[in-house]
Amino acid sequence: MTQNVADPVVQGMLQGKINQGNELAIDISIHPDSQLNHQYHGIKQEALITGLGNMLENAIESVKHNQEEEKQITIFFTDLGDDVVMEVDDSGPGITEEDATYIFEQGYSTKEKENGGTGLALSRHIVRQAGGEIMLEEGEMGGACFVMIIPKNGGNIDE
């Protein structure tokens, strides 16, 4: 992973989530074409870590009750061009159209947990503060696919 991710903070977070997945028999893989040489600081680094960590935590929650061979999460990232793009695709049940309408609202959750519905709202808020966006797209694995885009330059006062 160290050859694909230059930032040690991002490396550590990814390794921690991969280890968490291993403990739950979840196959978390990084797409072989993924590359992240750009390193953020300040609010953009915070946005990247918060957003990616939340996307991965939601994916883990989504697939952990699947049959073992169906517990899959794929991570793709690139920093080609003007933005860093992070994508987390999972083999979970996905998100209904109705839920997709509210998924980024504070307090809204598809989970049966008390005090849920904070992660995606917080992630979207901080990613937008950094000049970026986080969105739900149709995935290739049958579940949810979240994409986060954060510009390398501009978009915030903490360059």
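Q: Which residues in helix 1 meet which residues in helix 2?
A: From helix 1 come Val9, Val10, Met13, Leu14, Lys17 and Gln20, and they meet Gln45, Leu48, Ile49, Leu52, Gly53, Leu56, Glu57 and Ile60 in helix 2. Contact here means heavy atoms within 4.5 Å, and helices (H or I, at least four residues) and strands (E, at least two) are DSSP runs numbered from the N terminus. The residues of this contact divide into nine nonpolar, three polar and two charged. Ala, Val, Leu, Ile, Met, Phe, Trp, Tyr, Cys and Pro count as nonpolar, Asp, Glu, Lys and Arg as charged, and the others, Gly among them, as polar.

Q: What kind of model is this?
A: This is a predicted model, in which local features need pLDDT of at least 70 and side-chain atom pairs count only at pLDDT 80 or more, while totals for chains, interfaces and linings use all residues. Residues are numbered from 1 along each chain as its sequence is written, and side-chain values use heavy atoms, with hydrogens and water left out.

Q: Why are helix 1 and helix 2 called roughly parallel?
A: Their axes come within 11 Å and cross at roughly 10°. Axes are lines fitted to C-alpha atoms, for helices over the stretch in contact, and angles run from 0 to 180 degrees between N-to-C directions. Angles under 35 degrees count as roughly parallel, over 145 as roughly antiparallel, 65 to 115 as roughly perpendicular and the rest as oblique. Helix 1 and helix 2 are therefore roughly parallel to each other.

Q: What makes strand 3 and strand 5 a pair?
A: Two strands pair if DSSP finds at least two bridges between them. Strand 3 (residues 83–90) and strand 5 (residues 144–151) have seven bridges, in the antiparallel sense. Val85, for one, stands opposite Ile149 in strand 5.

Q: Why do strand 1 and strand 4 stand at the edges?
A: The five strands form an open sheet with mixed pairing, in the order 1-2-3-5-4. Strand 1 (27–30) and strand 4 (133–138) each have a single partner strand, so one side of each lacks a neighbour in the sheet.

Q: Why does Lys71 count as buried?
A: Buried means under 20% relative accessible area, exposed over 50%, and partly exposed in between (1.4 Å probe, protein chains only). Lys71 has 11% relative accessibility, so Lys71 counts as buried. You will find Lys71 in the loop between helix 2 and strand 2.

Q: Which backbone oxygen does the side chain of Lys71 reach at 3.1 Å?
A: That of Leu24; the backbone oxygen of Lys64 is reached at 3.2 Å.

Technical notes:
Polar contact = N/O pair within 3.5 Å; in protein donor to acceptor, adjacent residues only side chain to side chain.
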